[in-house]
Amino acid sequence: MASADCVVAVDVGGTSVKAAVVDARGTANAAVTVPTSRGAEQVADQVAALADELTDAVQARGPAPVALGVVTPGLVDEHSGTVLLAGNLGWRDAPMRALVEKRVDLPVAFGHDVRAGGLAEAVLGAGRDAGDHLFLAIGTGIAGAVMLGGTAYSGGGYAGEIGHIVVEPGGDACACGARGCLEATASARAIARRYALRTGERVAAAEVAARAVAGDVHAVAVWDAAVIGLAEALRVCLCVLAPELIVVGGGLATSGDQLLEPLRARLAERLTFQRVPHVVAAELGERAGCLGAGLLAWHAIGREVRP
Ligand SMILES: [Zn+2]
């Protein structure tokens, strides 16, 4: 295949940084993963080093990257290029786009990991040709991306915080300071914690899901509460946005129909007049954030990506 233009895409996570080059068809190559450094300056150094490494790797066989996209978790204001707050990185008001721009000779696009993941699913995955829709990422935390007119609505960085819709009033404490948030009920972390509280046994959320299928009563109770919480939060989203499609991604979505079938049922039984949405699994898995960073980089230089 002929060598083609590409961009560098970097997805900064709480524990690891994923990087790759992404071509104009949305295909990722030369993927690398490294543990996340501490501090915004250090992570910007890391992003620049990964960009150098990937540039060297692709230059051996084709043109150098033409732009760089980087995404992070937290409250991300794409407009100012700032991470307003990222609890799991310990950052507040980190000017991430400027920090990276200082270190590389490429146009830099900067965004939010889940909104970028939603964009990737919208262009390359389960949201292809869907028009406006909702992307929900259920992992260690829970967040969403409201996909409108082909981009993710940002609200100055505050939009899409579906994980902080209260689904169990007075329920478990959430990291945000409130009680009974969806994230304290249905995130992978919450599922593992709630199962451990009942049984004294610490296992991953996927194992709780497997034990629920096997009939473990504690696993069934924890899993059902998570599904009910998700259904309640999605009902709220439906009332506001009425999406006809909901794409469910993040680590917990790998449970597939074990999550989606009861979720569809619990959601349907809650609806009165609302349109029943299609609820489908995301297709890009944990690559979504990195691919989304690549799409943002392409868009920053005025190029569309066509699979
Ligand atoms: Zn919360």
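**A salt bridge, a helix pair and a domain interface**

Arginine 115 forms a salt bridge with glutamate 78, and the closest N and O atoms of the pair are 2.7 Å apart. The two partners come from distant parts of the chain, 37 residues apart: arginine 115 sits in helix α3, while glutamate 78 belongs to the loop between β5 (75-77) and β6 (82-86). The model examined here is a predicted one, and in it the count of salt bridges comes to 16. Side chains of opposite charge can pair when their charged atoms come close.

Helix α3 (residues 113-124) packs with helix α9 (residues 288-300) at an angle of about 80°, and the axes are 7 Å apart. Since angles of 65 to 115 degrees count as roughly perpendicular, that makes α3 roughly perpendicular to α9. On the α3 side, the contact is made by Asp113, Ala116, Gly117, Leu119, Ala120, Glu121, Val123 and Leu124. Helix α9 contributes Ala288, Gly289, Leu291, Gly292, Ala293, Leu295, Leu296 and His299.

The protein chain is divided into domain 1, made up of 6-118 + 286-300, and domain 2, which covers 130-282. Their C-alpha centres lie 27 Å apart. At the interface, 9 residues of domain 1 are in contact with 14 residues of domain 2. The size of an interface is often given as the accessible area lost when the parts come together. Between domain 1 and domain 2 the buried area is about 910 Å², and carbon and sulfur atoms give 66% of it. Of the area that domain 1 buries against domain 2, Leu75, Val114 and Arg115 supply 56%, more than any other three residues.

Notes
Residues numbered from 1 in each chain as written. Predicted model: local features only at pLDDT ≥ 70, side-chain atom pairs only at ≥ 80, totals over all residues. Heavy atoms only, no water. Axes fitted to C-alpha atoms, helices over the stretch in contact; angles between N-to-C directions. Helix = DSSP H or I, 4+ residues; strand = E, 2+ residues; numbered from the N terminus. Parallel < 35°, antiparallel > 145°, perpendicular 65-115°, else oblique. Contact = heavy atoms within 4.5 Å. Domains from an automatic or database assignment. Buried area = accessible area lost by both parts, 1.4 Å probe. Salt bridge = Lys/Arg side-chain N within 4 Å of Asp/Glu carboxyl O.
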